[in-house]
Amino acid sequence: QVQLVESGGGLVQPGGSLRLSCAASRSLFSIMSMGWYRQAPGQQRELVAMMASGGIINYADSVKGRFTISRDNAKNTVFLQMNSLKPEDTAVYYCNAKTVRGNDVLDAWGQGTLVTVSS
């Protein structure tokens, strides 16, 4: 199973930017997809952005044009660049990796990093 370590959360004012990082314990080429989810207080965890191994990228409608997911294969790291942040982006952000074992798809999660958008 892959281990994920996130970093980069914090407090930022509305309109500001943050970059989250997620370091994986093994090569990204061995992982089917990498993504970012978030969970706000009292809300369900939701997909923010996902990048499949073939390069296909999906974003939640609420972040399109503001957030960008990218990867550094040499460092086994995935990033989430967040621009034009809004108070409603406040949440704990989780990195996710999906791997295949036989007929099963396995989910690995990071520990979460808190992003707070407030003036």
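Ser-84 counts as partly exposed, because its relative accessibility is 41%; buried denotes under 20% relative accessible area, exposed over 50%, and partly exposed the range in between, with a 1.4 Å probe and protein chains only. The structure is a predicted model, in which local features need pLDDT of at least 70 and side-chain atom pairs count only at pLDDT 80 or more, whereas totals for chains, interfaces and linings use all residues. Residues are numbered from 1 along each chain as its sequence is written, and side-chain values use heavy atoms, with hydrogens and water left out.

Ser-84 is located in the loop between β8 and β9 (91–101). The residue adopts a positive phi of about 50° although it is not a glycine. A positive phi of about 50° is also found for Asn-76, likewise not a glycine. Asn-76 belongs to the loop that joins β7 (67–72) to β8 (77–82).

With regard to secondary structure, the protein contains eleven strands and zero helices; both are DSSP runs numbered from the N terminus, helices being H or I of at least four residues and strands E of at least two. The order along the sequence is β-β-β-β-β-β-β-β-β-β-β. The protein is as compact as a globular protein of its length, because its radius of gyration of 14 Å is close to the 14 Å that the globule rule gives for 119 residues. The radius is taken over C-alpha atoms, and the rule is 2.2 Å times the number of residues to the power 0.38. The C-alpha trace spans about 45 × 30 × 25 Å along its principal axes.

Of the 119 residues, 41% are buried. Among contacts (heavy atoms within 4.5 Å) with a separation of 6 or more, 55% involve residues 24 or more positions apart.

The link of Cys-22 and Cys-95 is left-handed, with -80° about the S-S bond. Cys-22 counts as buried at 0% relative accessibility, and Cys-95 counts as buried at 0%.

Definitions and conventions
Disulfide = S-S within 2.5 Å.
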